[in-house]
Amino acid sequence: MNFILTYLAEASICLGITVLFYRVVLSELTFFTLNRVLLICMLMLSFIIPLLSFQVGISSLATAEIILPEFVVGNVINRDSSSLTWQQIVFMIYLAGVVIMSVYLILGYFTSQRMIGKSKLLRYQNYWIAVHPEFIPASFFDYILLPEFDPNRAEQRQIILHESVHVRLKHSWDLLFVQFAKIIFWFNPLIYQFERHLREVHEYQADQGVTSTYSKKEYSGLLLQLITKGQGWHFMNNFNQFQTKKRIIMMSKPQSQKKEMRRFLLAVPVLAALFFVFSCEIAPEEEMEGPMMAGELKATNIGPADLSARKLNDNVNQVFDVVEVPPQPIGGMSAWHKYLSKTLKYPAEARSAGIQGTVVVGFIVEEDGNLSNVEILRGIGGSVDEEAIRVVENAENWEPGKQRDRVVSTRMRLPIRFKLANSDAKIESTSASSSDNLPEIVVVAYN
């Protein structure tokens, strides 16, 4: 649920930036085809970019990291399962909006189909003409919708030519895609602004198709005569749907010079910035952490030559910070999880003193699997540090790590969070930071 809300927020930011970029940089250009392509591509990328995830750093080294679901050790008090968090309430409101918008879209489509079914269908210049008194001049996928049909009138020939451009360029498919985007981003006013810009481009393209045959003055006069308040369904292009004044101004505007096409190149750094902000995670040079897999330790993607530069010297043997095959608890991470949840206790002294925080325990998995050199790398006192050391020292042997198919000693870190909470506390999932080898363990004490 939190992932979905985060995604919607990030995608909305991407959408807002792309709409702002188009409005400021490109909306006044007469390169209508390029504008249309860019708008559709930027909408698609607004969906995709927040879903991507890449590790970026200044070193070629990369290790694996683990994410495990949080577990709680302590006296857990049953809480009222009927209570809802604010995230759940927001998500339920969001789903309600999605359902309403979906129903609205489906009803619009079938209403349009029903109206076409009741209309008189004619074939004219390789286009289907649907004639019905309730129609206003519009296009709907492969159909041109008209209230009446008289190709002998010059005015109607211009209208048919205008709508035929919509059909030929398949503008209805663009609008259908936007309708699906509106279902997902119904709460975001920017998606409606995006739709307005795309429909404008569609109208400019259709107007351009008409003025290539008829005079701009004659066609502008027709637009002024046919001002109407009628509205079509979602993926219809209405002949007079947008501000007539704006369309006439764009028709009379000189064609943009080719050198102004360089403005489209500005979209590259904008999209690159969005990709970097929402799809890339920066890992420090010392401890480049890669994608994390729940419940298992992955082999590192490190060459032997690189690893030799990262190893540490011990009095007895060489101790590695990273290896090709990381150490594994006997029975896997699930067994380690069960051991910690069963063994870890919140010291009474720390509970009474209100001590809480994160303890980081360092230890070495020796070549024989024994856990040695257990020490506190970061402590909080109050018998908590001693409890963390006790649990690690009493753990069973691990399967040792391997480098170049040879068993080696490996240094590990284990963060353990000791947290005080009352009976109404909500436990939030946590994971290891980028500098930790193992997932953070959470020990909760309820008063």
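Phe187 counts as partly exposed because its relative accessibility is 36%, where buried means under 20% relative accessible area, exposed over 50%, and partly exposed in between (1.4 Å probe, protein chains only). Bear in mind that this is a predicted model: local features need pLDDT of at least 70, side-chain atom pairs count only at pLDDT 80 or more, and totals for chains, interfaces and linings use all residues. Residues are numbered from 1 along each chain as its sequence is written, and side-chain values use heavy atoms, with hydrogens and water left out.

Now for the rings. Searching the whole structure turns up 18 aromatic pairs; rings of Phe, Tyr and Trp (its six-membered ring) pair if their centres lie within 6.5 Å, and planes under 30 degrees apart count as stacked, over 60 as edge-to-face and the rest as tilted. Take Tyr124 and Phe149, an edge-to-face pair at 5.4 Å centre to centre, with 75 degrees between the planes. This pair links distant parts of the chain, 25 residues apart: Tyr124 sits in strand β3 (residues 120–124), and Phe149 in the loop between β6 (143–146) and α4 (154–168). Helices (H or I, at least four residues) and strands (E, at least two) are DSSP runs, numbered from the N terminus.

Back to Phe187, which pairs edge-to-face with Trp186, 6.0 Å centre to centre and 90 degrees between the planes. Trp186, at 23% relative accessibility, is partly exposed too. Ring pairs also tie both into a cluster with Phe47, Phe91, Tyr94, Phe177 and Phe185.

And the cysteines? Cys280 is buried at 13% relative accessibility, while Cys41 is partly exposed at 36%. The whole structure has 0 disulfides, meaning pairs of cysteine sulfur atoms within 2.5 Å.
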